[in-house]
Amino acid sequence: MLGEFSVNTSSSSGGSSWLSSIEGDIQGDINGLINDVAKSLNIHDFYSAHLLDYCEGYYTPSPISNATSQPSKNVTSCSNHTAFFTFDPTAILQSELKPGTNLSELKWPSAIKDAIVAVETASKVMFVLYCIGVGFAGLALIGALIGFFAGGRLSAASNIMLDLMAFLSLGIASAIVTATSVKVVDAINQYGSDIGVAAYQGSTFLGMTWAATILMLVAAVGWFIDCCIGRKKNAVKLDEK
């Protein structure tokens, strides 16, 4: 998961929640009717962004923790996997709102949309780099198997090049996904806090992508050492002759 943002409907004071600005027949304590309020607007409690899609759902039994229970995520649906996917919470929420309801009426900050647009191109470049990186990583794995059985400096040199290409591609892609997720999360938290919207980065995917990047660097260093050791062994054999 790249990140997640949630719609906080638990506040009912001072208009801090965007739901408090909606005129209708909803009466009483909002904290006791959170799920009904969200569902009445077709809004989910949370939206999780991934590399190729996003998922949405509700907190059960309630978004609010209490002495007897803690909220847990219940994913209800996910979008189709899409190449060059860009997570756009503004478009997603607008598409889910009931007809006649507009985000502008709910005081949705335009700065959040601006932040998404600013990183859209970077997200597409990131996807291409991931494809290139995965391709080189696959070739490096095949090359490693060949090099393990065949040996030789040529095989080691080839694996060094493949590993370095995978390292560079994955490294740049990882840097982009880290920077873009930080920018979007900061924008949502900065401009969305007044209307009850919060976001945070997902640590699992970031950990995996940086781990893969470091692994390719380690593999390149390993083959470089193997290439040097192989050259020394050949030199020793020549001296013995």
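Lys113 is partly exposed, at a relative accessible area of 30%; partly exposed is the range between buried (under 20%) and exposed (over 50%), with a 1.4 Å probe and protein chains only. Its partner in a salt bridge is Asp88, at 2.5 Å from N to O. The model is predicted, so local features need pLDDT of at least 70 and side-chain atom pairs count only at pLDDT 80 or more, while totals for chains, interfaces and linings use all residues. Residues are numbered from 1 along each chain as its sequence is written, and side-chain values use heavy atoms, with hydrogens and water left out.

**The salt bridge**
- The structure holds one salt bridge, a term for a side-chain nitrogen of Lys or Arg within 4 Å of a carboxyl oxygen of Asp or Glu.
- Because Lys113 lies in helix H3 (residues 110-150) and Asp88 in the loop between strand E4 (72-78) and H2, the pair ties together parts that are 25 residues apart in sequence.
- Asp88 counts as buried, at 12% relative accessibility.

**Helix H2**
- Asp88 also caps the N-terminal end of H2, with a side-chain oxygen 3.2 Å from the backbone nitrogen of Thr90.
- H2 spans residues 89-96, and its buried residues include Pro89, Thr90, Ile92, Leu93 and Glu96.
- These residues cover an arc of only 165° around the axis, which puts them on the same side of H2; the arc is that of the directions from the helix axis to the C-beta atoms.
- As a reminder, an α-helix has 3.6 residues a turn, so residues three or four places apart point the same way.

**A nonpolar surface patch**
- Leu164, Leu217, Val221, Phe224, Ile225 and Ile229 form a nonpolar patch on the surface, with about 490 Å² of accessible area together.
- Patches are made of residues with over 30% relative accessible area and no salt bridge, where nonpolar side chains (Val, Leu, Ile, Met, Phe, Trp, Tyr) are joined within 5 Å and like charges within 9 Å.
- Helix H5 (residues 203-240) gives the most to this patch, with five residues.
- Val221 sits in helix H5 and counts as partly exposed, at 42% relative accessibility.

**The chain overall**
- Five helices and five strands make up the secondary structure; these are DSSP runs numbered from the N terminus, helices (H or I) of at least four residues and strands (E) of at least two.
- From the N terminus on, the elements run β-α-β-β-β-α-α-α-β-α.
- Of the 241 residues, 37% count as buried.
- Residues 24 or more positions apart account for 68% of the contacts (heavy atoms within 4.5 Å) with a separation of 6 or more.
- The accessible surface comes to about 13,300 Å², of which 63% belongs to carbon and sulfur atoms; accessible areas come from the Shrake-Rupley method with a 1.4 Å probe, and for residues only the protein chains shown count as cover.

Conventions
Polar contact = N/O pair within 3.5 Å; in protein donor to acceptor, adjacent residues only side chain to side chain.
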